[in-house]
Amino acid sequence: MPHIVTLNQETDTPARREYIGSVALTYLYDRSRDSQQAGGRGQDFIAFCGNERRLAFAICDGVSQSFHGDLAARFLGEKLVGWLAELPFPDDAETFRAALSAQLAAWQLEAEALIAAQPIRPDLPPLLRDALMRKRENGSESMFLAALIDHTAGALAACWMGDLRLRLFDDKGEELPLPEARWETRQRWSSRFGAKNGAPQVLLMALHGVARLTAHSDGFGSRSDMLKRFTLESLDALADELLSLPTSDDLSLLDVVLNSAPEPRAPLETPLPQHVQGEPALRWQPVAGAEWYRVWLESERRSFTVDVLASESPTFLLKAPEGVYTCRVQALSNHRAPSALSAAVQLESALLPEPDIARRAEPMHTKPAALEMLAPAQASASAVGQPRAVSQLKKETPAAAEPFAWRLVTAIAAAISAGVAIVWYFVHMR
Amino acid sequence: MPYTAVATSTTPVLIIYLLDISGSMGQMLGDKRRIEIVSDALQEIATEMVARSTKGELVAPRYRLAIYAYESQVHDVLGGIRTIDQFVRDGIPEFSPRGGTNTAAAFLAAENLLAQELPYIQAHPAPLICHMTDGEYQGDDPTPIVQRIMQMGTQDGNVLVENIFISDKILKQPIEDVYSWQGVLSEADLANDYARTLLRMSSPIPESYRLEMQEFGYNLQAGAPMLFPAQTRELIRMAFTMSGATPVA
């Protein structure tokens, strides 16, 4: 199976469509308005992994009342997809449930230590530190919905805890009933307790008669009927509408159309990444028609991907635990088949590994927004082959706001300078 | 009016604490002064509110707080309404007991605040007044004011009034287990007239609050009054937990 593709929780991903084997995969990830305004991470998480034979995916909804629910969501989402991708298709529901329960218990042991080691900044206000310490004691929690589509077996294996929804549609767009399915808000996975409030729900079924399936988080609320039929544009419009509501929550959706194919056009051209001399970075010429790029990374320890928007500079800066990474770049579009993977380029990261679970789970943090902040002159410099200093790329953290007093002093100084200049003008020039 | 509106950063809930800091609050309850136990409980519920408002390290302003400490006079402790994220930065105020118990003046201050605020928070959860005292009022009877307040409200429901009575003389039977206690079920459970007065000044617990309290392990009966005989530290903690039990998104 190929690498696990994950969507960045620090930014929003508008509706996108890509083709994996015979399926069209549409997804969207929007953080709640609160998180967007404050620049915080989304608590939801989307991951998938597929080829011509199988597709595994997970949507997780981190519990914001728990300690950094985004961490549990990401940890669990990656684990579920990795596990499902390699799982022999289950023979029956009980076998599947038992295997899943064993995994959830095993992952709990791993996550508990990681969450306990998650630092709480000492400079936070005492009340907030107390609240976070209390939350950390209770662990990080997430609801989840994960599925494996096996094209060879023509069957679906799905599992979930919580109130994320899985919906199936026939080829006429009619929703198929799932009478046995129960979506219970109280159910979730916890880094402290493992599966909480009951055993995980499972579903095994043949895909005969199923043309499409949609998984989404509860953020769609009463508007989830709008997901029966949608276009990329209508999906983005719906997300905008929901984000404007007072109850705005994270939105995540993953939709799979079976037996689909892109327009019969040639796949996108394959990018030709080059190592930026002296930096753990790649750059490549833009590919016509590409709407985003995916960098596939592989080290001794793990494989993962990072998406880079085509509207940004076609550049990728590796920021990951120390090691050698084999990198390939792929061009993608909503309307065309993706390119082949580029030739491999090796990058070496000299960063020390961090104990932080966030770093372990998602070692790459090059936000498109960071590149967006580059001045046009810097971007064009890299395009013509002049190496860019890493320090110019590392703009992940906005500069701290200047103290009010300093801004006041500089404003007064500017006003005095302007006054002096005006007086000078009237005295000397007239 | 189902009390189902959720507290969000755009529709925060207003919670007004009326805290009796009269001289008697300096008396001991167990190994601590009553006023210290109230401060601890306030710290506890503020921490809980912060926890319920926090995603990662971000504190969403889902709660708006006003604190009136009263004795013979009323003191606006926070200098107006503060959102929970502002409250986080300022920390828990300290109280020192003194003076009498002018309960009516405290409720009057709350009524004035509500009259100013309600036109602007009609789409928000119903506000809640959490009144904590350890003795009978002096001066005017607060009951008529409280009854007026209980007729005010938002689209979500009338203003909720919770009373916490720090006393071991309020119930005929002591509460043995705070988690299995079902609440004051009838006037006959109460041991004195002032407790019955407080009962009439207490709103019934909305179902949404009762369910939130269940999440904390408390098993209050549907429709029980928001009247808490705070005989022990555990009961005070439970009573303050109720004040932060507005459903959140």
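Leaving aside neighbours within four places in sequence, H151(A) is in contact with G21(A), S22(A), R53(A) and R54(A), contact being defined as C-beta atoms, placed from the backbone, within 7 Å. The model is predicted, so that local features need pLDDT of at least 70 and side-chain atom pairs count only at pLDDT 80 or more, while totals for chains, interfaces and linings use all residues. Residues are numbered from 1 along each chain as its sequence is written, and chains are lettered from A and ligands numbered from 1 in the order in which they are written.

H151(A) lies in the loop between strand 6 (141-150) and strand 7 (155-161) of chain A; helices (H or I, at least four residues) and strands (E, at least two) are DSSP runs numbered from the N terminus. With 18 other C-beta atoms within 10 Å, H151(A) is partly exposed; a residue is buried with 20 or more such atoms, exposed with 12 or fewer, and partly exposed in between. The C-alpha atoms of H151(A) and P314(A) are 35 Å apart in space, with a sequence separation of 163 residues.

Strands 6 and 7 of chain A pair in the antiparallel sense over seven bridges, pairing being assigned where DSSP finds at least two bridges between two strands. The bridge partner of L145(A) in strand 7 of chain A is W160(A). Four residues separate the strands of this hairpin, in which G154(A) takes a positive phi near 60°. Six of the seven residues of strand 7 of chain A are buried. Strand 7 of chain A also pairs with strand 12 (residues 201-206) of chain A, antiparallel and over six bridges; here L156(A) has M205(A) as its bridge partner.

An open sheet of six strands in chain A has the order 2-3-14-13-8-9, with antiparallel pairing. Strand 2 (13-20) and strand 9 (175-176) of chain A each have a single partner strand and stand at the edges, so one side of each is left without a neighbour in the sheet. Strand 2 of chain A is joined to strand 3 (residues 23-30) of chain A by six bridges, and I20(A) has V23(A) as its bridge partner. Helix 5 (residues 232-243) of chain A packs on the sheet, touching strand 2, strand 3 and strand 14 (251-257) of chain A, and its direction makes about 150° with that of strand 2 of chain A. Axes are lines fitted to C-alpha atoms, for helices over the stretch in contact, with angles from 0 to 180 degrees between N-to-C directions.

The contact between the chains takes 22 residues from chain A and 21 residues from chain B. On the side of chain A, helix 1 (33-38) and helix 4 are the elements that give two or more residues, and helix 4 of chain A gives the largest share, seven residues. By class, this side has eight nonpolar, seven polar and seven charged residues; Ala, Val, Leu, Ile, Met, Phe, Trp, Tyr, Cys and Pro count as nonpolar, Asp, Glu, Lys and Arg as charged, and the others, Gly among them, as polar.

Helix 4 (residues 126-138) of chain A packs against helix 1 (residues 34-53) of chain B at about 70°, with the axes 8 Å apart. Helix 4 of chain A is thus roughly perpendicular to helix 1 of chain B, a term covering 65 to 115 degrees.

Note on methods
Two residues are in contact if their C-beta atoms, placed from the backbone, lie within 7 Å. Angles under 35 degrees count as roughly parallel, over 145 as roughly antiparallel, 65 to 115 as roughly perpendicular and the rest as oblique.
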